[in-house]
Amino acid sequence: MKSFRGRVAVITGAASGIGRALSIALAERGCDLALVDVNREGLAETAAACEGAGQKASIHVTDVSSRSAMEALPAAVEAVHGRADIVVNNAGVTVAGNLEDQDLDDFEWLVGINVWGVVYGCKFFLPLLRRSDDAYIVNLSSMFGLVGVPGQSSYCLSKFAVRGFSEALGGELATSNVRVMSVHPGGIATNIVRDAR
């Protein structure tokens, strides 16, 4: 994308961390934002920073693991912005501990956000992205999507899944106007550890 000016980006997990930093960086480059998270207060702070950069920012309090909520989200974004050019599936959580010590409810909670949240973000926004002349899906994996780390089996499962899903989807959309990429950050000072189970 040569210029972000006049574009609209949808960013999940936008209330803090990578999501907030990316939202502000895109706003500073002329992009409007649809900010998605379960944390209303954090979203309001991110929106204020984006608006301070002179861009429009809408708030969408949404649980990315909810199929019905995510299915309704593109229409809500379109109602405010009229379009979407970029979708960043960034929302993520972690569970620390060995598999035999983990509660499967926590495991399912993580997969719901880290995997299904990405699938829903791609699936439900594709029709809107196809209407853009230059669209991007950016899925946040992790270095833990490249190497298995003891004590992080559930997180590694989810991030390997995001990586493989993104590569397959990118191939499916290779001749379209929608490009797909996965990103593999290392350790970053965000709230993910503080909010871990």
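A salt bridge is a side-chain nitrogen of Lys or Arg within 4 Å of a carboxyl oxygen of Asp or Glu. Keep in mind that the model here is predicted. Searching the whole structure turns up seven salt bridges.

**Exercise 1.** Which parts of the chain does the salt bridge of Asp133 with Arg7 tie together?

*Solution.* 
- Start with the contact: the closest N and O atoms of Asp133 and Arg7 are 2.8 Å apart.
- Now place the partners. Asp133 sits in the loop between helix H4 (104-129) and strand E5 (135-140), while Arg7 is in the segment before strand E1 (8-12), so this pair ties together parts 126 residues apart in sequence.
- Finally, look for shared partners: salt bridges join Arg7, Arg83, Asp85 and Asp133 into one network.

**Exercise 2.** Is Arg7 buried or exposed? And Asp133, buried or exposed?

*Solution.* 
- Grab the cut-offs: buried means under 20% relative accessible area, exposed means over 50%.
- Arg7 has 12% relative accessibility, and counts as buried.
- Asp133 comes in at 60%, and is exposed.

**Exercise 3.** How many residues apart in sequence are the parts tied together by Arg20 and Glu45?

*Solution.* 
- Check the contact first: Arg20 and Glu45 form a salt bridge, with 3.0 Å between the closest N and O atoms.
- Arg20 belongs to helix H1 (residues 17-28) and Glu45 to helix H2 (residues 40-52), so the parts they tie together are 25 residues apart.

**Exercise 4.** Where in the chain do Asp134 and Arg179 lie?

*Solution.* 
- Their side chains meet in a salt bridge at 3.1 Å, N to O.
- Asp134 is in the loop between H4 and E5, and Arg179 is in strand E6 (residues 178-183), 45 residues apart.

Key
Residues numbered from 1 in each chain as written. Predicted model: local features only at pLDDT ≥ 70, side-chain atom pairs only at ≥ 80, totals over all residues. Heavy atoms only, no water. Helix = DSSP H or I, 4+ residues; strand = E, 2+ residues; numbered from the N terminus. Buried < 20%, exposed > 50% of the residue type's maximum accessible area, 1.4 Å probe, protein only.
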